[in-house]
Amino acid sequence: KNAGFSVTTTTTDKIYMESQCGKLLINLFNAPNALSGLSTSESITSRACCRLMARSMFEALKVFRANGMTMRPFFVMIAPYIFAYLAFINPWLRVVVFVLNLVGVRMGDDAHSSMWQDLQRGGTTEIDYLNGVVVAMGKKAGIPTPINSAVVVMVKEVEGKVFTGLDEKALLQLSAATDLKSTRA
């Protein structure tokens, strides 16, 4: 102040929480990837999978805002928009992935999320610490979280079982948070 300008400080705790929200938002990719049974590259070329990712992320953004939280780095806030766009331009995605692979950006068919690996081993997952956190924060703020709630229920239902993945129709229903009983793979 004595030098003629003001300085705004941010506490380390606030920066840490903003970073954690950003990381959580990006990690919401894990459950749709695991539930689809697809590789990472196949997931981003699946319209249903991208739609589920985008809707769970949009829901999380709403919950974060209602809890007075912001994210760091700021660019992670565009992730749901990217997945929504990917779901929209889906017919061209295979071409994009092919071109990326040609120029050396590898999105191999053997890359999977850690949650997919947990399900393949028949183990439990980190769903309570990802989509489950969004659900809990939503309850705290009085914000409904039908997409993330449905994702948590579905992942818990298949934990510890032989699971090969949901078909496109089931993923689309999940992204609409509708009844899944008739379309499970």
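How are α4 and α10 oriented to each other, roughly parallel or roughly perpendicular? I will come to that pair after a few words about the model and the chain as a whole.

What we have here is a predicted model, in which local features need pLDDT of at least 70 and side-chain atom pairs count only at pLDDT 80 or more, while totals for chains, interfaces and linings use all residues. Residues are numbered from 1 along each chain as its sequence is written, and side-chain values use heavy atoms, with hydrogens and water left out.

Let me begin with the chain. The protein chain has 10 helices and zero strands, where helices are DSSP runs of H or I with at least four residues, strands are runs of E with at least two, and both are numbered from the N terminus. Read from the N terminus on, the order of elements is therefore simply α-α-α-α-α-α-α-α-α-α. Of its 185 residues, 44% count as buried, which here means under 20% relative accessible area, with exposed being over 50% and partly exposed in between, using a 1.4 Å probe and protein chains only. If we take the contacts (heavy atoms within 4.5 Å) with a separation of 6 or more, 73% of them join residues 24 or more positions apart.

Now to helix α4, which covers residues 47-66. Its 20 residues should span 28 Å at 1.5 Å a residue, and its end C-alpha atoms are 29 Å apart, which agrees; the expected span is 1.5 Å times one less than the number of residues. After α4 comes glycine 68, with a positive phi near 70 degrees.

Here is the pair from my opening question. The axes of α4 and α10 come within 8 Å and cross at roughly 20 degrees, where axes are lines fitted to C-alpha atoms, for helices over the stretch in contact, and angles run from 0 to 180 degrees between N-to-C directions. The two helices are therefore roughly parallel to each other, given that angles under 35 degrees count as roughly parallel, over 145 as roughly antiparallel, 65 to 115 as roughly perpendicular, and the rest as oblique. The crossing of α4 and α10 is left-handed, a word used if the near helix is turned anticlockwise from the far one by less than a right angle, with right-handed used if clockwise. On the α4 side the contact is made by Arg47, Ala48, Cys49, Arg51, Leu52 and Arg55, and on the α10 side by Glu168, Leu171, Leu172, Leu174 and Ser175. By class, this contact of α4 with α10 has six nonpolar, one polar and four charged residues; Ala, Val, Leu, Ile, Met, Phe, Trp, Tyr, Cys and Pro count as nonpolar, Asp, Glu, Lys and Arg as charged, and the others, Gly among them, as polar.

Helix α4 also packs with helix α8, residues 131-141, at an angle of about 40 degrees and with the axes 9 Å apart. That angle makes α4 oblique to α8, and α4 passes α8 in a left-handed crossing. Ser56, Ala60, Val63, Phe64 and Ala66 in α4 meet Asn131, Val134, Met137, Gly138 and Ala141 in α8. The residues of this contact of α4 with α8 divide into seven nonpolar, three polar and no charged.

Leaving aside neighbours within four places in sequence, alanine 54 is in contact with Pro80, Phe83 and Ala84.

From α8 we can move on to helix α9, residues 146-158, since the two pack at an angle of about 135 degrees with their axes 9 Å apart, and are therefore oblique to each other. The contact joins Asn131, Gly132, Val134 and Val135 in α8 to Asn148, Ser149, Val151 and Val152 in α9, with four nonpolar, four polar and no charged residues by class.

Within α9 itself, the buried residues are Ile147, Asn148, Ala150, Val151, Val152, Met154, Val155 and Val158. What covers the buried residues of α9 includes α2, α4, α7, α8 and α10.

Finally, asparagine 30 lies in helix α2 and is buried, with a relative accessible area of 11%. Leaving aside neighbours within four places in sequence, asparagine 30 is in contact with Ser113, Ser114, Met115, Glu126 and Leu130.
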